[in-house]
Amino acid sequence: MMQNIFKGLGIALITPFLQDGSVDYRTLKKLVEYQLDNGADFLCILATTAETPCLTREEKDKITELVKEVNHGRVKILKYCGGNNTSAVIDEIKSSDWSGIDGILSICPYYNKPSQEGLYQHFKAIAKVSPLPLVMYNVPGRTGVNMKAETQVRLANDCPNIVAVKEASGSLEQIDEIIKNKPADFDVISGDDALTFSMIASGAVGVISVIGNALPKEFSRMIRLEFNGEYKSARIIHHRFTELYKLLFVDGNPAGVKALLNDMGFINNVLRLPLVPTTIKTKERMAEILKELRQ
């Protein structure tokens, strides 16, 4: 029986770019080191926040090797592999080199808008061929379909290597239903920074975080305080981030966190089309909040 090893603070790692739009591998190396030195419990690579749809296969392979080399086994690595063509996802899983990777993150099929039975059969099919623990990713705002609690629990019971779900439905009621009915060896991971405090209080085991790219030490401290039952102290940190949570996503992800990292002196404020940098107004307000957080 596979167990979920992705707990605590997971970082949904960005992809930094040079001014000409090429991948900035030198800065990516520094960012990985920054996460590892400041509280990250695992890394989630080549998913939404990494602008993966706009990366070439060669770039994705090079990023994977760089992260593995820098990490050197210090924390677990969860790598994205998903899509809306079940057979293509199966082929990618079968043909990929998974050495140095500890788990696979796979999204609900997007655009097709499958039924709950279709979602069940999709994840059952890819779980059957996966050599690693599988974490499902439910994010209706991007896929156009919500995987309901009963479907998730059914998959958790029927597929031993489906070990967790990254839940970004935004529904605390649904999340509570999953946690209440799930088997003991299946975990819920927050996929929404703003709801992480509430989700961990309800029984989630961690987060795959966007804000953690910029502020891993602070966000990690909030999570650890909650795990220790120190909710009052954790809530104070959570409330300090309240406005920043909204600003990070108001102009799309990862535009917000890239602007924040740019203000911190880490990266160029460059994204690949169709994504563009956040507005000047948003960037200026985030810079003000960052200054307040550092006081």
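In the predicted model, isoleucine 90 is placed in helix α3, which spans residues 86-95. Its relative accessibility is 16%, and isoleucine 90 is therefore classed as buried, the cut-off being under 20%. Beyond the residues up to four places away in sequence, isoleucine 90 touches Ala125, Ile126 and Val129. Histidine 122 lies 32 residues from isoleucine 90 along the chain, and the C-alpha atoms of the two are separated by 9.7 Å.

Lysine 68 belongs to helix α2, residues 57-71. With a relative accessibility of 15%, lysine 68 also counts as buried. When residues up to four places away in sequence are not counted, lysine 68 touches Ile77, Ser99, Gly100 and Ile101.

Helix α2 also packs with helix α1. Two packed helices are described by the angle between their axes and the distance between the axes. For helix α1 (residues 25-37) and α2, the axes come within 10 Å and cross at roughly 40 degrees. The two helices are therefore oblique to each other, and α1 passes α2 in a right-handed crossing. On the α1 side the contact is made by Tyr25, Leu28, Lys29, Val32, Glu33 and Leu36, and on the α2 side by Glu59, Lys62, Ile63, Leu66, Val67, Val70 and Asn71. By class, the residues of this contact comprise 8 nonpolar, 1 polar and 4 charged.

The crossing of α9 past α10 is left-handed. Helix α9 contributes Glu218, Arg221, Met222, Leu225 and Glu226 to the contact, while α10 contributes Tyr231, Ser233, Ala234, Ile237 and His238. The residues of the contact of α9 with α10 divide into 5 nonpolar, 2 polar and 3 charged.

Within α10, the buried residues are Ala234, Ile237 and His238. These three cover an arc of only 100 degrees around the axis, and so lie on the same side of α10. An α-helix has 3.6 residues a turn, so residues three or four places apart point the same way. Lys232, Ile236 and His239 are exposed on the other side of α10. The cover over the buried residues of α10 includes α8 (196-202), α9 and α11 (242-250). Ala234, Ile237 and His238 are also among the α10 residues that make the contact with α9.

Threonine 282 is located in helix α13, residues 280-293. Its relative accessibility of 8% is why threonine 282 counts as buried. Leaving aside neighbours within four places in sequence, threonine 282 is in contact with Leu247, Val250 and Asp251. The C-alpha atom of threonine 282 is separated by 45 Å from that of aspartate 158, a residue 124 residues apart from threonine 282 along the chain.

Conventions: Residues are numbered from 1 along each chain as its sequence is written. This is a predicted model: local features need pLDDT of at least 70, side-chain atom pairs count only at pLDDT 80 or more; totals for chains, interfaces and linings use all residues. Side-chain values use heavy atoms; hydrogens and water are left out. Helices (H or I, at least four residues) and strands (E, at least two) are DSSP runs, numbered from the N terminus. Buried means under 20% relative accessible area, exposed over 50%, partly exposed in between (1.4 Å probe, protein chains only). Contact means heavy atoms within 4.5 Å. A crossing is left-handed if the near helix is turned anticlockwise from the far one by less than a right angle, and right-handed if clockwise. Ala, Val, Leu, Ile, Met, Phe, Trp, Tyr, Cys and Pro count as nonpolar, Asp, Glu, Lys and Arg as charged, and the others, Gly among them, as polar. Axes are lines fitted to C-alpha atoms, for helices over the stretch in contact, and angles run from 0 to 180 degrees between N-to-C directions. Angles under 35 degrees count as roughly parallel, over 145 as roughly antiparallel, 65 to 115 as roughly perpendicular and the rest as oblique. The arc is that of the directions from the helix axis to the C-beta atoms.
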